[in-house]
Amino acid sequence: MPMRDSELKTKQTDQGGARRLVMVSNRLPLSLEHVEGEGWRTNPAAGGLVAALDPVMRRRGGVWVGWPGVADESTETLRDVLDSQHNGDVDYRLEPVSLTSHEISGFYEGFSNEVIWPLFHNRFTSCNFDPHYWQSYQDVNHRFALRVAEVAQAGDFIWVHDYHLVNVADQLRELGITNRSSFFQHIPFPTADIFCNLPWWREIVYALLSYDFIGLQTVTDRINFLDVLTTLFDEVKTTAGDNGVDIEIGDQGLARHQQQLRIGTLPISIDYDHISEVAGSKETGEYMAEFRASWRDQTTVVLGVDRLDYTKGLPEKFEAFRELLRRHPELRGRIVLQQHVIPSRQRVPQYAEQKQEIERLVGEINGEFTEPGWVPIHYMFGRMSPPELMAHYQVADIALITPLKDGMNLVAKEFCAAQIEQRSVLILSEFAGTAAEFGENALLINPHDVVTTAESIYEAYSMPEEERRRRMQAMRQIVKNHTAFDWVDQFLEAAGADS
Ligand code: F6P
C-alpha cells in the first residue's frame, strides 16, 4: 500500500518533529517507459541531482514532485504507475507532473537546455533565445507550482531544485501558498556580464527573489549571483552570518517580491557509505576480475565517465590524450583511455552534434596510433549498472575529468569514495565545483590547455605509490566528512527549515 501524506507526517513527527520535505525537481528519480506488449517499466534516472537526493529521501521520507520522463500521459495514469511501482516500497512518495511532447520541446529541451544550460556554463553564443521557449518555461513552471500546491500541507518545507524550475516559488505565492521555500542551483551561476545576455534576465532574478533561501555550489557562484543583484538594484545590503549571507534589497519597486533573503554556499555530495558498500560488493568484485583480465599486463587505465554534454570537455580530453601519445611515444601500447559516455538530451541539436564530434575524434586518434594488440581509446556509449561503474572506478589507475565548466561533478567524488585500495590518481578540471573542495590533492588542470593536461597524465602515470595513496586518502576523507546527508542537514539548517 502506498504511504499517504498523513502517515508520512506521523513518521516525521516520530523522527523528532522535523518538517516534512516537499522536494521539487524536473526529474523524478524514476523514469517511466511504456514498452509495447510488456507494460510500464521503470528505470533509474541518470544524473547528480538524483544520485544525491534519492538516498536522502529514502532515509528522511517526504514527497518528491517531478516529471517521470515520459510524454503525453495523464497525471492519473502516471500516479497509478508510480503508486504500484514505487510508492508502496519506500517511505517517500513520488508525485508526477505530466508534460506534453510540445512542453518537453519548449520547456525542457528549449528554454532549460538551449538557453539556461549553455548560458550558465559560459556559452552564451550557443543559446537559442526563442521567445516561445520562455513562454513554455513559464507555463510549465506554473504547472509544477499547481502540483506542489496540491500536495503541500501547512508546515511543509518546500525545496525546489535547479534551473528548470526557477519560477516555482513566485507561482506558489501567486497561488497563495505561504510555506517557506528554498532553491538549490546544481549548475554554476555565471558572471553578470554573461547572465545579462538573457533577454529575460530581470524576470529570472525577480523569480529567484521569491525564495526565502538560495543555495549555490561554490563561493564563485555566490559572488556571481551577488554581482547580478547589484547590477539590477541600486542598493543591496549584505550581512555575512554563520549560515550564509543575508541580503536586503533597498528597492521599493519589488511589489510582491521579497526584499530580504539568504544565500548560502553548499556544495552537494554523495552517499559515501553506500558507494563504499557497492564498491566492496561481490558483484563489483566479479566485474573487476573480468575487466582486469581484459587488459594486457601492465596496462595503465585512464578512465573517463561523463554524461554526453559539450560542457564536459570530451574533445579536449581526447586531444590531451593524443598529445600525451605524441609527446611520450614510450607509453604507446602501455596506456589506454577508457571513456564511458552516458546518453543525455540527444534531441537537443548541440548534443547530437557533440556525439558526432567525439565519435569522429575517437576514430581519428585510434586511426593514428592503433597497433596490433593495442587500441588507445576505448569508447563506450551507454548506461552501466552501479556495480559495473564501481568496478571501472577501481580498476582505473587514473581518472581524467575535464569539464569546461561544471556545477560540482559527482563522478569525481564517487571515484574517490570507491577507491578502497587508495591507489589511483584523480586529474580534475579546475572549472569543476569539486576542485574547490579537493584542491591540490587532485592534479588540477585547465582543460583548454592540452599540453599541461597531457603532462598531468604523464605525472599521474609516473607518480610514486605513496604519493598516490596520500592524495587519495585526503580526498576520501573530504568526501566522507561531507556526504549528501550532511549537505541536506546543512542546507535545511541554513534555510531555517526546521525552525
Ligand atoms: O544539475 C544538472 C542536471 O540537471 C542534473 O539533474 C543531472 O546531473 C543532469 O543535469 C541530468 O540532466 P537531464 O535531467 O537533462 O537528463
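1. Strands β1 (residues 21-27) and β6 (residues 157-161) run parallel and are joined by 4 bridges; Leu21 has Phe157 as its bridge partner in β6. Strands (E, at least two residues) and helices (H or I, at least four residues) are DSSP runs numbered from the N terminus, and two strands pair if DSSP finds at least two bridges between them.

2. This is a predicted model, in which local features need pLDDT of at least 70 and side-chain atom pairs count only at pLDDT 80 or more, while totals for chains, interfaces and linings use all residues. Residues are numbered from 1 along each chain as its sequence is written, and side-chain values use heavy atoms, with hydrogens and water left out.

3. β1 and β6 belong to an open sheet of 9 strands with mixed pairing, in the order β5-β4-β1-β6-β7-β8-β11-β10-β9. The edges are β5 (92-96) and β9 (236-241); each has a single partner strand, so one side of each is left without a neighbour in the sheet. From one strand to the next the twist averages 20°.

4. Helix α19 (residues 484-494) packs on this sheet and touches β1, β6, β7 (181-184), β8 (213-216) and β11 (260-265). Its direction makes about 120° with that of β6. Contact means heavy atoms within 4.5 Å; axes are lines fitted to C-alpha atoms, for helices over the stretch in contact, and angles run from 0 to 180 degrees between N-to-C directions.

5. A second open sheet has 6 strands in the order β14-β13-β12-β15-β16-β17, with parallel pairing. Its edge strands, β14 (377-381) and β17 (443-445), each have a single partner strand, so one side of each is left without a neighbour in the sheet. β16 (residues 425-429) and β17 are joined by 3 bridges, and Ser429 stands opposite Ile445 in β17.

6. Helix α12 (residues 314-327) packs on the 6-strand sheet; it touches β12 (300-307), β13 (335-342), β14 and β15 (398-401), with its direction at about 175° to that of β13. Helix α17 (residues 450-462) lies across β12, β13, β15, β16 and β17, running at about 170° to β17.
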